[in-house]
Amino acid sequence: MRTDTGQVFRLEDYRPSSFLIPETDLTFRLAPEATTVIARLTIERRDETPLDTPLVLDGDGLELKRLELDGTALAAPAFTATPDQLTIERPPLARRFTLSIETELAPARNQALMGLYRSNRVYCTQCEAEGFRRITYFLDRPDVLSVYRVRIEADRKEAPLLLSNGNPHGSGKLPGGRHYALWHDPFPKPSYLFALVAGDLGAVKDEFVTASGRRIELGIHVEHGKEGRATFAMDALKRSMRWDEEEFGREYDLDVFNIVAVSDFNMGAMENKGLNIFNDKYVLADEDSATDNDFAGIEAVIAHEYFHNWTGNRITCRDWFQLCLKEGLTVFRDHEFSADQRSRAVKRIAEVRTLRAHQFPEDQGPLAHPVRPRRYREINNFYTSTVYEKGSEVVRMIRTILGAEDFRRGMDLYFERHDGQAVTIEDFLKVFEEVSGRDLGQFALWYHQAGTPNLTVTALYNKEAQELTLEIEQSVPPTPSESRKRLMHIPLAFGLVGKDGKDVGYTRADGAGIENGVIHIRKRRHSVRFSDVPERPALSLNRGFSAPVTLSIEQTQAERAFLARHDCDPFSRWQAFNSLLTEALMVASRQGRGGKPPEFQPELTALAGAIAENDALEPAFRALALALPAEADVARELGTNIDPDAIFAAREALAVAIADANAELFERLAAGLGGDNTFSPDAASAGRRALSNALLDYLSTGSRGPARASRQFFAANNMTDRAAALAILAQRHADKPETAAALAAFEERYFGDPLVLDKWFQIQAAIPGPQAVERVAGLMRHPAFSIANPNRVRSLIGTFSTANQTGFHRADGTGYQLFAETVLEVEKRNPQVAARLATGLRSWRSLEPLRQGKAREALIRLAGAENLSADLRDIVERTLA
Ligand SMILES: [Zn+2]
């Protein structure tokens, strides 16, 4: 484990590497406790590098066994080797030379899951961002591209399957029951894309014929016996390959494409060239083990990693500050893919909910950073929602500004011009400026400036003149180390909705046109005047969530209810109703607990019924609309002095009010949706299940709820319905015998299946109330729980800290104590996962004073722990700053 050196990396300090490594030959002699790695590197001095420049290679916890220069063994003091660095003070004067480095690793003891490690007896690697330096000394930076040849040797029985990047190049037997395989990847790549897998796995095989007629062999490798759960992933892969050809003109380039699912993995998945390695959570699914959300998640992650082949691998990042260049763009691409495969409207709403739940709090808290950060201490901590999700929104805005056609032309130029290069955000923006002739200089601030902009909108209607004027003012709140903000270019899509619920036409009073219904705000104050507006229209703003901003607008409840019934833009329609629900919850939670239970307006509960029964709306849309804002959503809107118990009570009261007001209707709708006995994971079927379970949630609020949810739990023929019923029981009726029985049945049924049992951990970790602390502590001692496995830790502790507001924020601070202890326990093995987990406390300053004090104590305790890793110290110190 690397301890903190306090070193800060700055974008402006970027310098090209003095040396390059055009060729890399690797030999792995695999053994669990002692793997030998021989790296034969062809090193090239750049023409502009002075001859007396030392060669310095990165390492991380390495032990050098042998070093050869051009075939001759070197001895100290010709070089110095520490675990973190290999330095040759006077490298040869020749422009090119070869260095052969032998290191020894113990993959079985690597619990950080970076570099080469073992998961369930399978050797695998994770090298992004800086894991390759845990395998051998190297110029471990994304702008050093190398052609790799790899030889893997292993025990034949233990590891019949030997995979690496690129194309297979031969294999054979070796003495002593061992064998070898050779791989060659003709495409130069940075070290973070290197991968190796060796083990005994089952496989699903298929093939794909590209648009130009090339046959690609596809393989998805999973634990024996789980092959049946990989067929959906294979189907998603083939659909992704076709989609990238059709939408972006991008063909796959190697002869084989392999995906391997492993059960111990820090992230979701990794796009290593030709050999994607996945958290098994994002590969394995069938109706008995996975929910509809799991299926959608698998489809999205399979697509995401595949799309990286062009956006990330063929064109990579110059340095890690440019992470959003590959991630924001690739998230945008996978969002578009999912929108095309499923319902575009529903997908967009889900994206915005995710962005608000994860990125907005990041932007509003101590961990705020620009989409392209300018400084970091630990790059592992920048795989954030800001880089990924906001990064995707920025690409979406580029398309909104340019239009689909120019956007595609820009992407074509990007692929053509930068193929095989390591580039920057400036290179990316330049292609769009060139094809469109537009100046994106001000727009580029979306990459450089942190914080969520706010737009304050005032609408003035003049009946006599038949004129409508919109006054729009922008502001960007200060964020850490950026107190003064510059003005942004914000594309605001909008519509004016007339009394009949249809959009009304408009002309600008000054005669200027409005392109594609988008107002471009560039100044602090922006005013638009429309003429020939015969009556005051309802304002539908930020349609499709055209910009990731918050809106402050004076709009009556009646106006918003009108939009919720009529707006032709599905996102804005959802937004109108959601904002009414959020506002009602804010008012009710400010009233606090005790005293009279909060009352809600009958118009609001009636509107919920009207949406639920509107056949013209997709079931999935209705399900999303009926889902009450999460407690965390309400907390975020309240902003300060948060009392989680008050928010919880308000939310429960609203659920009961909506259920009571619509009891008969919901019964009737639920009955109409039932009776489907065949399962299909497609979007339309999933939408019906979502609506049915949203209704069940309301119908289970009363005293007959436990029996009802329990009936669905035991009768369900798929995991979506089973898990939904179990979650409803746990959330609403935790103390009832039906809940205990269902939890026991689930545990028994899936005990040998850790991935599925994660749902059981999650559902219990989210059970509200003060007893949650003891419950979670108890579950940590469950035989299926393992503190070394990231999926288990995230399911139990991650869910507890992010999705259980009343339990985690228990007023006596014991929730934070348990959390801090667990973070430190995880950190001993896996600093990266511990640091990610610790971000669960990032919004501590928005709590009411008592809880704030307790949360701070927990953070200070973390900060004071001995030998803190660079990853965790970085998060804790920034959170406290
Ligand atoms: Zn990615």
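1. Strands (E, at least two residues) and helices (H or I, at least four) are DSSP runs, numbered from the N terminus. This is a predicted model, where local features need pLDDT of at least 70, side-chain atom pairs count only at pLDDT 80 or more, and totals for chains, interfaces and linings use all residues. Residues are numbered from 1 along each chain as its sequence is written, and side-chain values use heavy atoms, with hydrogens and water left out.

2. Start with Ile-101. Ile-101 sits in strand β9 (residues 96-105). Ile-101 is buried, with a relative accessible area of 0% (buried means under 20%, exposed over 50%, partly exposed in between; 1.4 Å probe, protein chains only).

3. What does Ile-101 contact, leaving aside its neighbours within four places in sequence? Its contacts (heavy atoms within 4.5 Å) include Val-37, Leu-57, Leu-64, Leu-86 and Tyr-137. Leu-64 is 37 residues from Ile-101 along the chain, yet their C-alpha atoms are separated by 7.4 Å.

4. Next, a hairpin. Strands β14 (residues 167-174) and β15 (residues 178-189) run antiparallel, joined by 6 bridges (two strands pair if DSSP finds at least two bridges between them). Lys-173 has His-179 of β15 as its bridge partner. The hairpin has 3 residues between the strands, and Gly-176 takes a positive phi near 75°.

5. Last, a helix pair. Helix α12 (residues 619-626) packs on helix α16 (residues 683-699) at about 30°, with axes 7 Å apart (axes are lines fitted to C-alpha atoms, for helices over the stretch in contact; angles run from 0 to 180 degrees between N-to-C directions). The two helices are therefore roughly parallel (under 35 degrees; over 145 is roughly antiparallel, 65 to 115 roughly perpendicular, the rest oblique). Among the contact residues are Pro-619 and Leu-626 of α12, and Gly-687 and Tyr-698 of α16.
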